[in-house]
Amino acid sequence: MATQATAEKRPGFFPQLLEALVRRQEAGILVVSVGLILYFYLRNPAFLTQGNIQTLAQFMAATAIVASGLVMVMILGEIDLSVGQAFAFAPIVMWIAYDQLLLVLPLAVVIGLLATAAVGLVNGVMRVFFGVPSFVATLGMFFLLGGLNVILVAGFPKPAPEASWLKSALGAYPYAGIMWALVILAFMHVLLNYTRWGMHTFATGGNFIGAREAGIRVDRIRIGNFMLCSMLGGFAGILEAMRINSIDPLAGGAEIMFLAISAAVIGGTPLAGGIGTVFGAFLGALALSVLRNGFTLQGVSAFTFNVILGITVLIVMVLNVYVITRLRKGRRVT
Amino acid sequence: MTAEAPDALRVENIAKRFGSVTALQDVSLHLRKGEVLGLIGDNGAGKSTLIKIITGFHRPDAGRIYLDGEEVELKSVSQAQRLGIQTVYQDLALVNDMTVYHNMFLNKEITWRPLPLLNNRKMKHLTRRYLDDIGVSIPSIETEVAMLSGGQRQAIAVARAVYSEDARILLLDEPLAAMGAKEGAMILDLVQRLKESGGVSIILIAHNYAHVLEVCDRVNVLQHGRITYDKPAAETSVEELTELMVSEYRRARTGGGG
């Protein structure tokens, strides 16, 4: 019997474009980002000077890295509100290991990351074995870590470790952050789309019972992704601490967490479970950073930025829920 | 007939409760090597629960399971799969937002060993072959399964279980439910072919007794959490099975009054 698999009709250009936009949600956000960059450049050529590109890249890197971890958790239909506190927790633990316990910096960094892995483990265990909804479990963790961070440094920011090649590589070099963000983007994109772990993450988020029936170890997938998300948040925090040369217990917090969730949502990860893209989250972080930076250059206040960010998230979600689901249903073939 | 063949699977005195609901009271059944066993019973009789115990999804409260005469403790679905137990669940266990070929290889993904990366080319190739082999046409194996009809989805679930390299025992929980007459006939043909090849033993759950009698060697009836009837298919009929199921309902009605 001949295969019908290849016998598909070629649609016209416009339907094809629409198809591409529907299929690859990243395409839409890419167009928006490029449009925003052009707009701000035309309004103020200073937007694309080297100095500003550097500022933009530094701001974007942290959001993009945190968002790439959140995407994994959001594909599962879960959320990690505590990731912004893991962002401040990792450098603090690193500081304790380095400055108080007098360990070498590479080891201190590893310990900082392991500490955030433990945070993710607790989040995951609360969700999986105690059945606490992740919104609540990570909300608790948000406050717990937030308080702990301040206590651990007795309320004051601490100096970052002295200059070394590792410090430069981990954020002190101006473009280190964005380079790490690109490396992590590539790694996470491959992990999500070209490994069994990624497939099982999509399956667990898309059809939990079905994934279990297929023998997927859904508990391991969920706990592992919570750990991954916390660690990426912690890593972004270490990069930021090295860059600003200070270990600040009030760094990160709710702001970076909400920005990263927004970046993920705008990029095409709707938190509905089963759908998501790391690449989209990266572009979402780009669009948000361009918007924020561009407004700052124009002297528009942060409140206006928030209004626009809010409207964007709402529009994207409505598009997601209505337009895209309907278009997809319309393509149903029988 | 395979009447003299040894048992591929035997379950003894299986019981399972969910809270205050007793799903299975005391179920014992056996499946001979190369045999197709039809399992029928009312909705809620516990058929799917029994299947999910044999696949390692639920753990029984009591009872023993033997594979090829050896007692096994099934702790997880993946463990049962490793022992050669493959299943088509009633809910199909497909992931809507994933492509046909990724669903076909769900949890059996092929990678470019030793690299941990997915070998999509091979999975697509095999998916086409399996679907062609069954004779079900799917517009494109790269579409998400959400786009497919009920029958097509069911065909994917069946192909996934049947073409597992290591399938020794196949559990088919209403594999024909969403299928049209033609697609249903294809699946029944497939079961027939598998039976003739002799490599696998099959438990088939279906509501259509004609289908059951067409391909099964033996029929068991599950009622109120127990096996109440066990006969070779050749010695029973659609009428007898229908009567068996309906009489229970009548008895309950006349006995209960009101």
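Predicted model: local features only at pLDDT ≥ 70, side-chain atom pairs only at ≥ 80, totals over all residues.

Author: The side chain of B:Glu109 meets that of A:Arg196 in a salt bridge, with 2.9 Å from N to O. This pair crosses between chains: A:Arg196 belongs to helix α9 (residues 196-206) of chain A, whereas B:Glu109 sits in the loop between α3 (100-104) and α4 of chain B. A:Arg196, at 33% relative accessibility, counts as partly exposed.

Two salt bridges are counted between chain B and chain A. On the side of chain B that touches chain A, the elements giving two or more residues are α2 (77-82) and α4 (120-134) of chain B. The largest share, four residues, comes from α2(B). By class, that side of chain B has 16 nonpolar, 12 polar and 10 charged residues.

The contact as a whole takes 38 residues from chain B and 33 residues from chain A. Between them the two chains bury about 3000 Å², of which 55% is on carbon and sulfur atoms.

Salt bridges within the chains complete the picture. Over all chains, a search of the whole structure finds 19 salt bridges. One of them joins A:Arg127 to A:Glu78, with the closest N and O atoms 2.9 Å apart. This pair links distant parts of the chain, 49 residues apart: A:Arg127 is in helix α5 (residues 105-128) of chain A, and A:Glu78 is in the loop between α3 (50-75) and α4 (83-100) of chain A. A:Glu78 is buried, with a relative accessible area of 7%.

A further salt bridge, between A:Asp219 and A:Arg222, has its closest N and O atoms 3.5 Å apart. Because these residues are three residues apart in helix α11 (residues 218-244) of chain A, about one helical turn separates A:Asp219 from A:Arg222. A:Asp219 is partly exposed at 30% relative accessibility, whereas A:Arg222 is buried at 8%. In chain B, a network of salt bridges links B:Asp7, B:Arg10, B:Glu12 and B:Arg64.

Technical notes: Residues numbered from 1 in each chain as written. Chains lettered and ligands numbered in written order. Heavy atoms only, no water. Contact = heavy atoms within 4.5 Å. Buried area = accessible area lost by both parts, 1.4 Å probe. Salt bridge = Lys/Arg side-chain N within 4 Å of Asp/Glu carboxyl O. Nonpolar A, V, L, I, M, F, W, Y, C, P; charged D, E, K, R; others polar. Buried < 20%, exposed > 50% of the residue type's maximum accessible area, 1.4 Å probe, protein only.
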